[in-house]
Amino acid sequence: MIQIDRNHVTKNELADLLRREDFRDVYELADRIRAENVGDVVHIRAILEFSNHCRRVCRYCGLNARNSALPRYRMKPEEMIETAQEAARAGYRTLVMQSGEDPWYTPEILGEIVREIKRSAKMAITLSCGERSRDVYAYWKECGADRYLIKQETADPAIYASLHPDSSLEERVACLKNLKSLGYETGSGFMIGLPGQTAETIAMDLLLLREIGCDMAGIGPFIPHPDTPLRDQPPGSSELCKRAVALARILLPKANLPATTALGVLNGKEKNDIFSCGANVVMRKVTPTSYKRLYEIYPASLTDTDILADRRQLEEQIRHLDRIPL
Ligand code: SAM
């Protein structure tokens with residue numbers, strides 16, 4: 001079987017692996033490392049998309065502040081708490097609270113919501129609300145937040161700058177390092193298929209995950225949104241995505257690696273396949289239906305939300321893959 005030295009593998013070696021004609025032995029290695037380090041459990045996380053307001057202008061994202069075609073919403077704190085409680089009753093143990101970068105939710109407002117969800121729903125909380133100061137992250141940790149997701153998006157500073165006219169890779173990585181040093185379980189990740197990306201760029205992305213010491217990494221395809229400047233770009237390759245997930249498993253044996261929702265959008269079958277390439281997490285939307293349709297990062301076909309029925313169906317699908325839903 002192929003051997004990859006996770007601590008010393010170089011950018012060029014990773015790029016060569018990504019370009020291989022036959023990747024089967026790398027998938028097998030990743031699957032073995034997954035089984036040995038995180039077992040057969042697939043963690044099902046509830047994701048609540050509580051606001052689609054965003055002050056950022058990321059050129060790939062349907063929520064970007066310049067997209068005037070998108071009706072905007074904000075969930076009230078009570079609605080968020082009720083939804084969290086319903087998700088907990090359905091068996092979810094973790095709630096991912098995600099939004100655009102929306103300053104309406106001040107540190108105090110969001111902190112109180114986190115406290116109340118922890119108190120009444122007893123779930124682990126992952127926040128994913130963008131870039132904030134170290135002090136704000138520290139405050140939310142005090143309020144009970146356990147984990148934070150903020151993807152690096154791309155490890156190439158020039159591509160990052162071209163896609164984010166209002167921020168830099170340096171600032172993004174500083175957020176990740178702050179979160180890690182504050183004791184959060186820290187999640188990064190990146191998109192596959194961004195304009196200008198090469199196998200070398202993806203290799204740099206993988207090495208950055210290792211450098212940060214990520215506890216979680218979401219790697220998913222870029223999907224073009226018709227109301228963004230990247231509307232005419234092709235979507236990212238799902239095969240390349242799976243290869244990147246497999247290499248991430250090899251570099252970060254104990255990390256939680258989701259089969260990202262975006263991959264399921266491209267091809268339902270790939271989403272199942274990804275569980276044999278190193279992934280061990282899946283996220284399920286619990287966002288109330290009326291809001292869910294407006295959280296349009298990229299176009300996707302969505303069904304109405306029935307939190308309990310959705311979860312039971314997903315558990316069944318996971319059991320069919322001989323894995324254990326949790
Ligand atoms: N505002 C927070 C942040 O910036 O981290 C969280 C919300 S943001 C919409 C969540 C993720 O959506 C981003 O990290 C990005 O990777 C992903 N995303 C946005 N537009 C996308 C697209 N067109 N295709 C695939 N993923 C996309």
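**Note on a predicted structure: rings, a strand and a cavity**

1. The charged end of Arg-311 sits over the ring of Tyr-92, at 4.7 Å from its centre. Here a charge counts as over a ring if NZ of Lys or CZ of Arg is within 6 Å of the ring centre and within 35 degrees of the ring normal. Lys-141 likewise lies over the face of Tyr-184, 5.8 Å from the ring centre.

2. The model is predicted, so local features need pLDDT of at least 70 and side-chain atom pairs count only at pLDDT 80 or more, while totals for chains, interfaces and linings use all residues. Residues are numbered from 1 along each chain as its sequence is written, and side-chain values use heavy atoms, without hydrogens and water.

3. The whole structure holds six aromatic pairs. Rings of Phe, Tyr and Trp (its six-membered ring) pair if their centres lie within 6.5 Å; planes under 30 degrees apart count as stacked, over 60 as edge-to-face and the rest as tilted. One of the pairs is Phe-23 with Tyr-27, edge-to-face, with 4.7 Å from centre to centre and 75° between the planes. Both Phe-23 and Tyr-27 are buried, where buried means under 20% relative accessible area, exposed over 50% and partly exposed in between (1.4 Å probe, protein chains only).

4. Phe-50 and Tyr-105 also form an edge-to-face pair, 4.8 Å centre to centre and 80° between the planes. This pair links distant parts of the chain, 55 residues apart: Phe-50 is in strand β1 (residues 41-51), and Tyr-105 is in the loop between β2 and α4 (107-121). Helices (H or I, at least four residues) and strands (E, at least two) are DSSP runs, numbered from the N terminus. Phe-50 is buried because its relative accessible area is 1%, and Tyr-105 counts as buried at 1% relative accessibility. Together with Trp-104, Phe-50 and Tyr-105 form one aromatic cluster.

5. In strand β3 (residues 124-128), five of five residues are buried. Ala-124, Thr-126 and Ser-128 point one way from β3, and Ile-125 and Leu-127 the other way. Strands β2 and β3 pair in the parallel sense over five bridges; two strands pair if DSSP finds at least two bridges between them.

6. The lining of the largest cavity includes Thr-126, Arg-45 and Met-283. Two or more lining residues come from each of β2 (94-99), β4 (147-149) and β7 (281-285). A cavity is a set of points on a 1 Å grid over the protein atoms alone where a 1.4 Å probe fits but cannot get out, and lining residues have an atom within 4 Å of a point.

Conventions
1 Å grid on protein atoms, 1.4 Å probe; cavity = no way out; pocket = protein on both sides within 12 Å on 5 of 7 lines; lining within 4 Å.
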